[in-house]
Amino acid sequence: MPRLVMKFGGTSVADLDRIRNAATKVKREIDAGYDVAVVVSAMSGKTNELVGWVRDAASPEGDNRPGFYDAREYDSVVASGEQVTAGLMALTLQQMGVDARSWLGWQVPVRTSDAHGAARIEAIETEGLDAKFAEGTHAVIAGFQGLGPNGRITTLGRGGSDTTAVAFAAALGAERCDIYTDVDGVYTTDPRITKKARKLDRIAYEEMLELASLGAKVLQVRSVELAMAHKVRLAVRSSFSDEPGTLVCDEEEIVESNVISGVAYSRDEAKITLRNLADSPGIAASVFGPLADAGVNVDMIIQDISAEGFTDITFSCPVDDVARATEAVERGKADGSVAYDDLVVDTECAKVSIVGIGMRSHAGVAGRMFRALAEENINIKVITTSEIKVSVLVDRKYMELAVQALHDQFGLEKVGEPSLA
């Protein structure tokens, strides 16, 4: 029989009533003729509770610095949240007359690296699952976890259950991977910012990957990367309605669409400028090497034209990284590895981006974007582009206005030519 992977996030399994609701959706797919593998997250709020217990147990004095606890034991505790949900989902399905059993990461097994707390899936051995499917038994799999080379439980980090679901869809040759969440699909932008936001029927992997990396929170970046690499068709659907969701698929499955598919934003960005650096070979490495070592997530980068042997370098990063960033560059100045006259920090920024595969074949998109912002008197601080994306840094107070202006400029509330696929 064809196979289907169904993933339910924390809000979708927050209590027994919601688990029953999710199980009803699973049974409907089984009755339609699918072998189903269900991937579940921990109940909403449970992972944070477990993390808090780890920290309190490891340091009653409240030392919350990264790495102060044994990451192997952290994984052992935190992975238990998904174990509970998997067992409850299997019991609920059994009560509905479905032959189902739960599987933990080590039981499948899901082979991972040994980076506890941020492990990567290396292989999924599906022989046990295949045998159970042949017997008519459906699988409920604890997401977010696996088995490291040292025989210890590992966890996959943020978005780990989405990644688990996509990896199983690839390994099992599933027809589709349905991601059930508290939203009913991928929208042209955040409906909380503009009521004109429209749910997309389909979106290409590349577009979804850009939107996810630029601030859209529907899917995690790692899961989209994995889906694109293995051509796994993803459907984003609501756990609380039966409305059709959004299919994330290959570009070839989208016959025609708008030039721009969506507007994304990241609210808490900062702009850091180093003024009057000596313009010499290796200067950029001397700045960004220490930033990388400090774990600073640098995004946009601009280096000004050299004047009289000096240049300015500007970059953006999340506001939460500003302290580490300034400490890293000031340390470089103190030890003589980098010289600059002034360090200017602006923590009141936001990043707004337009994304669309149609940009490849349509000229003037960036110009339209800049014109729309100019008409609203919004000043652009930094610009960066890729083949299917243009991002700008603006004052945070203008972020919502910028999103609304760009959504209107590209007519995203209107549906493009209907797909023939």
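Predicted model: local features only at pLDDT ≥ 70, side-chain atom pairs only at ≥ 80, totals over all residues.
Local features are reported only at pLDDT of at least 70 and side-chain atom pairs only at pLDDT 80 or more, whereas totals for chains, interfaces and linings use all residues. Residues are numbered from 1 along each chain as its sequence is written, and side-chain values use heavy atoms, with hydrogens and water left out.

**Figure 1. Overall architecture of the protein chain.** The protein chain contains 12 helices and 18 strands; helices (H or I, at least four residues) and strands (E, at least two) are DSSP runs numbered from the N terminus. Its radius of gyration, taken over C-alpha atoms, is 24 Å, close to the 22 Å given by the globule rule for 421 residues, so the chain is as compact as a globular protein of that length. The globule rule is 2.2 Å times the number of residues to the power 0.38. Along the principal axes, the C-alpha atoms fill a box of roughly 75 × 55 × 35 Å. Of the 421 residues, 50% count as buried, where buried means under 20% relative accessible area (1.4 Å probe, protein chains only). Among contacts (heavy atoms within 4.5 Å) with a separation of 6 or more, 75% join residues 24 or more positions apart.

**Figure 2. Packing of helix α1 (residues 16-31) with helix α4 (residues 80-95).** The two axes come within 9 Å and cross at roughly 60°, which makes α1 oblique to α4. Axes are lines fitted to C-alpha atoms, for helices over the stretch in contact, and angles run from 0 to 180 degrees between N-to-C directions; angles under 35 degrees count as roughly parallel, over 145 as roughly antiparallel, 65 to 115 as roughly perpendicular and the rest as oblique. The crossing of α1 and α4 is right-handed, that is, the near helix is turned clockwise from the far one by less than a right angle. Leu16, Ile19, Arg20, Ala22, Ala23 and Val26 of α1 meet Leu88, Met89, Thr92 and Leu93 of α4.

Figure 3. Asp190 counts as buried because its relative accessibility is 13%. Apart from neighbours within four places in sequence, Asp190 is in contact with Ala197 and Tyr265.

**Figure 4. Buried residues of helix α12 (residues 399-409).** Met399, Ala402, Val403, Ala405, Leu406 and His407 are buried in this helix. The elements covering them include β13 (262-278), β16 (342-355), α11 (365-375) and β18 (389-395). Just after α12, Gly411 adopts a positive phi of about 55°.
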